[in-house]
Amino acid sequence: MPTLVIKCTAAAEDAERCAQAFTVAATATAAGAAVSLWLTGDAAWFGLPGRAESFVLPHSAPLAQLRDAVLELGTLTVCTQCAQRRAITSEQLIPGVRIAGAATFVDEILQPDARALVY
């Protein structure tokens, strides 16, 4: 099964797009796919404790639950530049969340068995 690399570029300002990225990532992990979920822009805040817990979208699974499913079976990454712009440090992140940059993202999506989605 190919690796699914998903980039989430939206947060509460575009709640449906944000929730879709997390839903697809969690669903793919449950299906047995290797998943790497990247948080960029304001979605970077969801790498911090308590942020996903405050996100509410009717008829959507709780974002924190989806995040935790990805963390359990996949990789969750906050973009380096996005973290720096928001003064987010690795010490502040939820355990298991990493900060990485464009070179790592490009390396992941260029793997022969990778598929990339951007929300």
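Colleague: Is Trp38 buried or exposed?

Modeller: Please bear in mind that this model is predicted. A residue counts as buried when its relative accessible area is under 20%. Trp38 has a value of 2%, so Trp38 is buried.

Colleague: Which ring pairs with that of Trp38, and in what geometry?

Modeller: One reads the distance between ring centres together with the angle between planes, and an angle over 60 degrees counts as edge-to-face. The partner is Phe105: the centres are 5.3 Å apart and the planes stand at 80°, so this pair is edge-to-face. Because Trp38 belongs to strand S2 and Phe105 to helix H4 (residues 102-109), the pair ties together parts 67 residues apart in sequence. Phe105 is also buried, at 12% relative accessibility.

Colleague: What sits over the ring of Phe105?

Modeller: The charged end of Lys7 does, 4.2 Å from the centre of that ring.

Colleague: How many aromatic pairs does a search of the whole structure find?

Modeller: The search finds 3. One of them joins Phe22 and Phe46, edge-to-face, with 6.0 Å from centre to centre and 90° between the planes. This pair links distant parts of the chain, 24 residues apart: Phe22 lies in helix H1 (residues 15-30), and Phe46 in the loop between strand S2 (35-39) and helix H2 (63-73). Phe22 is buried, with a relative accessible area of 0%, and Phe46 is buried at 6%.

Colleague: Which residues form one aromatic cluster?

Modeller: Phe22 and Phe46 form the cluster together with Phe55.

Colleague: At what angle do H1 and H2 pack?

Modeller: The angle is about 40°, and the axes are 9 Å apart. Angles under 35 degrees would count as roughly parallel, and 65 to 115 as roughly perpendicular; H1 and H2 are therefore oblique to each other. Their crossing is left-handed. On the H1 side, the contact includes Cys18, Ala19 and Phe22, while Leu63, Leu66 and Arg67 are among the residues from H2.

Colleague: Is Arg67 buried or exposed, and which residues does Arg67 touch beyond four places away in sequence?

Modeller: Arg67, located in helix H2, has a relative accessible area of 4% and is buried. Leaving aside residues up to four places away in sequence, Arg67 touches Phe22, Phe46, Leu48, Ala52, Glu53, Leu76 and Ile94.

Technical notes: Residues numbered from 1 in each chain as written. Predicted model: local features only at pLDDT ≥ 70, side-chain atom pairs only at ≥ 80, totals over all residues. Heavy atoms only, no water. Phe/Tyr/Trp six-rings, centres within 6.5 Å; stacked < 30°, edge-to-face > 60°. Helix = DSSP H or I, 4+ residues; strand = E, 2+ residues; numbered from the N terminus. Buried < 20%, exposed > 50% of the residue type's maximum accessible area, 1.4 Å probe, protein only. Lys NZ or Arg CZ within 6 Å of the ring centre and 35° of its normal. Axes fitted to C-alpha atoms, helices over the stretch in contact; angles between N-to-C directions. Parallel < 35°, antiparallel > 145°, perpendicular 65-115°, else oblique. Left-handed = near helix turned anticlockwise from the far one by under 90°. Contact = heavy atoms within 4.5 Å.
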